[in-house]
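Please open the structure in your viewer and follow the stops below in order.

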Amino acid sequence: MRPFNDTTRRNIAERCAAFTRATPDETAPALKQAAVAIALTDAANATGETAMLLTVRASSLRAHRGQWALPGGRCDQGETPVQAGLRELHEELGLELGLDAVLGLLDDYPTRSGYLITPVVVWAAESAAISPNPSEVASVHRIGLDTIEREDAFDFIAIPESRRRVIRFHHNGRLIHAPTAAMIYQFREVLDGRDTRVADLEQPVFAWK
């Protein structure tokens, strides 16, 4: 178990610092820049474990409604991915974090819908301040890091529409797909000291638009 304390924060920051980000490929400039926050907080239960925040998107949203997602969205003009990730975390969940909360960045993930998403790993110590914006978020879930580190947490399947493997994250009887599953998988690998690439992991066909 990874307890939610300063030791865990330092350990994860060290893992992120040791991670070497992949260089975006030549098609990346054609994609719209976006960012998500892998926000680490307490599990809010008796275990004292570190958890990450996942949301279910509101049914009123135009795109990807009702899907599981990390807090995030498109970068505004002139914004860095870090700035966008922190802003989106505040807009969606009411968490206002500074640059000192940022532990590191993972690889950019190119989506079928035309975005290049940068995952920003942040330490959200003030989890009591979580206040979901109902126009964007239907529900918020704390996923213990032990959950994503289970041997059977992820699987990979083939689909006829692509030569690439589709990644799936199994959580409480539900399937969470890429891009969210791919970024969580890479974070899991970083926690274990591995530079595992995920840009080639496929999304399900329903997420291509």
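**First stop: the nonpolar cores**

Begin by selecting I12, L40, M52, I148, F169 and F187: among the 37 residues of the largest nonpolar core, these touch the most other members. The model on display is a predicted one. Next, colour α1, β1 (32–42), β2 (50–57), β7 (115–123), α3 (145–148), β10 (162–171) and α4, each of which supplies at least two residues of this core. The greatest contribution, 8 residues, is that of α4. Apart from this core lies another, of 15 residues, including L89, A101, V120 and I130.

Now centre the view on L40. Which residues is L40 in contact with, leaving aside its neighbours within four places in sequence? Among them are F4, I12, M52, L103, W123, L145 and F187.

**Second stop: two helices**

Select helix α1 (residues 6–18) together with helix α4 (residues 180–191); their axes come within 9 Å and cross at roughly 105°. Because angles of 65 to 115 degrees count as roughly perpendicular, α1 is described as roughly perpendicular to α4. Show the side chains of I12, R15 and C16 on α1 and of F187, V190 and L191 on α4, which make the contact. These residues comprise 5 nonpolar, no polar and 1 charged.

Finally, select the open sheet of 3 strands, ordered β9-β10-β11 with antiparallel pairing. Its edge strands, β9 (154–159) and β11 (174–177), each pair on one side only. From one strand to the next, the twist averages 40°. Between β9 and β10 there are 5 bridges, and I159 stands opposite S162 in β10.

How values were computed:
Residues are numbered from 1 along each chain as its sequence is written. This is a predicted model: local features need pLDDT of at least 70, side-chain atom pairs count only at pLDDT 80 or more; totals for chains, interfaces and linings use all residues. Side-chain values use heavy atoms; hydrogens and water are left out. Axes are lines fitted to C-alpha atoms, for helices over the stretch in contact, and angles run from 0 to 180 degrees between N-to-C directions. Helices (H or I, at least four residues) and strands (E, at least two) are DSSP runs, numbered from the N terminus. Angles under 35 degrees count as roughly parallel, over 145 as roughly antiparallel, 65 to 115 as roughly perpendicular and the rest as oblique. Contact means heavy atoms within 4.5 Å. Ala, Val, Leu, Ile, Met, Phe, Trp, Tyr, Cys and Pro count as nonpolar, Asp, Glu, Lys and Arg as charged, and the others, Gly among them, as polar. A nonpolar core is a set of buried Ala, Val, Leu, Ile, Met, Phe, Trp, Tyr and Cys residues joined through side-chain atoms within 4.5 Å. Buried means under 20% relative accessible area, exposed over 50%, partly exposed in between (1.4 Å probe, protein chains only). Two strands pair if DSSP finds at least two bridges between them.
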